[in-house]
Amino acid sequence: QMFSISLAIGIVVIYAVILIVRQIVEPKLVAENEELGQKYQEAAGNVVALTEEKTALQEQVDIASQLEARNIVIEPQTKRGGKARYISKVAIIKVSYTIAKNNTAKTGNKVVYLRVTTPDGSVLHKQASDRFQFEDQQIYYSARKNFEYGGQEMDDVVYYTVTETLTKGKYEVELFVDGVMIGRGSFEFKK
């Protein structure tokens, strides 16, 4: 019986020690757990912020790496290459331009697409397959030309041979490279 009492006292003492330790250690563990939770939330917030910052920086790099066409000159020409004074005499639409120097743009072989839009909004083109990707759609182009871009300023020309009957009014001209419009201009015929 003495053994049972000693055992009972031992169990009570162990239980009391456990309660005392628990009262001392548990608040520390809860505080540590809360602190770790806060640190996790901060780290997760930092990851989100860094991801957003990286995306914004990548968008800036993408914009900076786009080519730009300047000094766009549109010359409606006759069959012999002279300046066409009347819409009925236009056989060729010559578009000359300068691609600006861009150190962030990828160099190498590229394709420039020319779109000539008539006064009624249709695009001059030869075949139904004369399309390229712009944003989320396939759009018509009037002419295309391969060129080698080395990162330096360069002058270039692209021609569209007219086979359609043109009408008087304002024509819009757009140039695209790498799925981005790099320049635009217009010309108008009143006769």
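In the predicted model, strand β2 (residues 92-99) is joined to β7 by 8 bridges, and the two strands run antiparallel. Within this pair, isoleucine 92 has threonine 161 of β7 as its bridge partner. Both strands belong to an open sheet of 3 strands, ordered β1-β2-β7, in which the pairing is antiparallel. The edges of this sheet are formed by β1 (69-77) and β7 (154-161); each has a single partner strand, so one side of each is left without a neighbour in the sheet. On average, neighbouring strands are turned by 15° against each other, direction ignored. Strands of a sheet pair through backbone hydrogen bonds, in either a parallel or an antiparallel manner.

Another open sheet consists of 4 strands in the order β6-β3-β8-β9, again with antiparallel pairing. Here the edge positions are taken by β6 (143-149) and β9 (180-189), and because each of them has a single partner strand, one side of each lacks a neighbour in the sheet. The twist from one strand to the next averages 20°. Strand β8 (residues 169-177) pairs with β9 in the antiparallel sense over 9 bridges. Glutamate 174 stands opposite arginine 184, a residue of β9.

Helical structure is represented by helix α1, which spans residues 2-64 and contains valine 13. Together with Ile5, Ile9 and Val17, Val13 makes a nonpolar surface patch of about 340 Å². Valine 13 has a relative accessible area of 44% and is therefore partly exposed, a class that lies between buried (under 20%) and exposed (over 50%).

Key: Residues are numbered from 1 along each chain as its sequence is written. This is a predicted model: local features need pLDDT of at least 70, side-chain atom pairs count only at pLDDT 80 or more; totals for chains, interfaces and linings use all residues. Side-chain values use heavy atoms; hydrogens and water are left out. Patches are made of residues with over 30% relative accessible area and no salt bridge: like charges are joined within 9 Å, nonpolar side chains (Val, Leu, Ile, Met, Phe, Trp, Tyr) within 5 Å. Accessible areas come from the Shrake-Rupley method with a 1.4 Å probe; for residues, only the protein chains shown count as cover. A salt bridge is a side-chain nitrogen of Lys or Arg within 4 Å of a carboxyl oxygen of Asp or Glu. Buried means under 20% relative accessible area, exposed over 50%, partly exposed in between (1.4 Å probe, protein chains only). Two strands pair if DSSP finds at least two bridges between them. Axes are lines fitted to C-alpha atoms, for helices over the stretch in contact, and angles run from 0 to 180 degrees between N-to-C directions.
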